[in-house]
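Hi everyone, thanks for coming. Today I'd like to walk you through one structure, piece by piece.

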Amino acid sequence: MARILIVDDEAHIRTLLRRFLEREGHECEMATSADEAWERLANGAFELVLSDVNMPGTSGLELAPRIAEEYPQTPVVMVTGVDDPEVATKAVEAGAYGYIIKPFVPNEIVIGVAGALRRRELEIANRRHQEELEALVADRTAEVQKTMLQLQEANVLLREVQEETIQRLSIASEYRDEETGAHIHRISHYTKLLATRVGLDEEYIERIRLASPLHDVGKIATPDAILRKPGKHTPEEWEIMKGHAESGYRILSGSGFPVLDMAAEIALTHHEKWDGSGYPRGLKGDKIPISGRLTAVADVFDALSTERIYKPAFPLEKCLAIIREGRGAHLDPEIVDVFLESLDDVLEIQRNFPDGEAYHL
């Protein structure tokens, strides 16, 4: 039933224990000392060690912890002629599974050995279950990590598709009114800069960077004769021209994608004015979404500082004077202040994206 090593310096005790245990079907080997027991353990596997406590040289109390460390699946049961609770406590602390007092009767040996072997089986089963559980957790963790990686890759792809869509829609609006391609890139970086400086979170900053270039996408629906007219528009033409805000909103809204939803918001509101005199809905102050207010400052500066079909580029001082004049009337005063404080960075963006070159968002 089990292979047991009996360790005792007294021959008659070894013989007696062997007789009891072999009668129960166990296979037994014997050792006269702890050193001999250690040699036998090194040369063969045992399911249990039955050891005397007091032996010449290395004691059973010294042998037990060595076995527990090197052979954790081999339990030790101590046999001793000393009926001392302190010795029993030391035996348990040394890793013993049981403690039998001499003189003993056969049933005590049989029951002690059977209990230790049963405990060994339970601990091995528990250890195996623990290993299987750890392996299962490792497998599930690997599956979750793989799924997360796939989701990240899908999100990257989705983001690339969104950016490409925005890029192409922005290009389409450029072709209609003959503005330079650099315009939408300057707007993108101006709004990112301003959103950062007013303290918006990183997710919002990245979203407005991508969404703001679509502010004039509604011009796709504006007739060429009006859109490209070099002179002043008639009142009727101006009403049609203003319709690009609503057109852009209709083109971009309803997608369910955060970037395009913000782009729709910007398209609709970037011509609203702080004092309520803007279009298309006459929103006033904080009723205008901050995305529209940020883009308005960026768009006004870019329109003033660059050449358009209907005007030359204004000198920087004139641009700044108009921006200051519009503070609290046309433009959000706080954002104007941030813009003026960030002028060095604004001009750096302007230098990095001159007209006449191709860029990618």
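If we leave aside its neighbours within four places in sequence, glycine 98 is in contact with Val76, Val77 and Met78, where contact means heavy atoms within 4.5 Å. Glycine 98 and valine 76 are 22 residues apart in sequence, yet 7.2 Å apart in space, C-alpha to C-alpha. Glycine 98 itself lies in strand S5.

Before going on, a word on what you are looking at. This is a predicted model, in which local features need pLDDT of at least 70 and side-chain atom pairs count only at pLDDT 80 or more, while totals for chains, interfaces and linings use all residues. Residues are numbered from 1 along each chain as its sequence is written, and side-chain values use heavy atoms, with hydrogens and water left out.

I will be saying "H" and "S" a lot. Helices (H or I, at least four residues) and strands (E, at least two) are DSSP runs, numbered from the N terminus.

Now, the sheet. In what order do the strands of the open sheet come? There are 5 strands, in the order S2-S1-S3-S4-S5, and the pairing is parallel. Two strands pair if DSSP finds at least two bridges between them. As background, strands of a sheet pair through backbone hydrogen bonds, either parallel or antiparallel. Strand S2 (27-31) and strand S5 (96-101) stand at the edges with a single partner strand each, so one side of each has no neighbour in the sheet. From one strand to the next, the twist averages 20°.

Look at one pairing with me. Strand S1 (residues 3-7) runs parallel to S2, and 5 bridges join them. Across that pairing, arginine 3 stands opposite glutamate 27 in S2.

Helices lie across this sheet too. Helix H2 (residues 34-43) lies across S1, S2 and strand S3 (48-52), and runs at about 135° to S2. Helix H3 (residues 60-70) lies across S3 and strand S4 (76-80), at about 175° to S4. For these angles, axes are lines fitted to C-alpha atoms, for helices over the stretch in contact, and angles run from 0 to 180 degrees between N-to-C directions.

Next, helices against helices. Two packed helices are described by the angle between their axes and the distance between the axes.

Take helix H12 (residues 290-305) and helix H14 (residues 333-341): their axes come within 10 Å and cross at roughly 45°. That makes H12 oblique to H14; angles under 35 degrees count as roughly parallel, over 145 as roughly antiparallel, 65 to 115 as roughly perpendicular and the rest as oblique. Here Ile290, Arg293, Leu294, Val297 and Phe301 in H12 meet Ile335, Val336 and Phe339 in H14. By class, the residues of this contact are 7 nonpolar, no polar and 1 charged. In that count, Ala, Val, Leu, Ile, Met, Phe, Trp, Tyr, Cys and Pro are nonpolar, Asp, Glu, Lys and Arg are charged, and the others, Gly among them, are polar.

H14 also packs with helix H13 (residues 316-325), at an angle of about 155° and with the axes 10 Å apart. H13 and H14 are therefore roughly antiparallel to each other. Leu320, Ile323 and Arg324 in H13 meet Val336, Phe339 and Leu340 in H14, a contact of 5 nonpolar, no polar and 1 charged residues.

Back to Phe301 for a moment. Rings of Phe, Tyr and Trp (its six-membered ring) pair if their centres lie within 6.5 Å, and planes under 30 degrees apart count as stacked, over 60 as edge-to-face and the rest as tilted. By this rule there are 4 aromatic pairs. The rings of tyrosine 190 and phenylalanine 301 have centres 5.8 Å apart and planes at 75°, so this pair is edge-to-face. Tyrosine 190 lies in helix H6 (residues 181-197) and phenylalanine 301 in helix H12, so the pair ties together parts that are 111 residues apart in sequence.

Last stop: the peptide bonds. Most residues other than glycine have a negative phi, and most peptide bonds are trans. Where do we find cis ones? One joins lysine 102 and proline 103, with omega about -10°, and proline 103 is in the loop between S5 and helix H5 (106-177). Another joins tyrosine 279 and proline 280, with omega about 10°; proline 280 sits in the loop between helix H11 (258-269) and H12.
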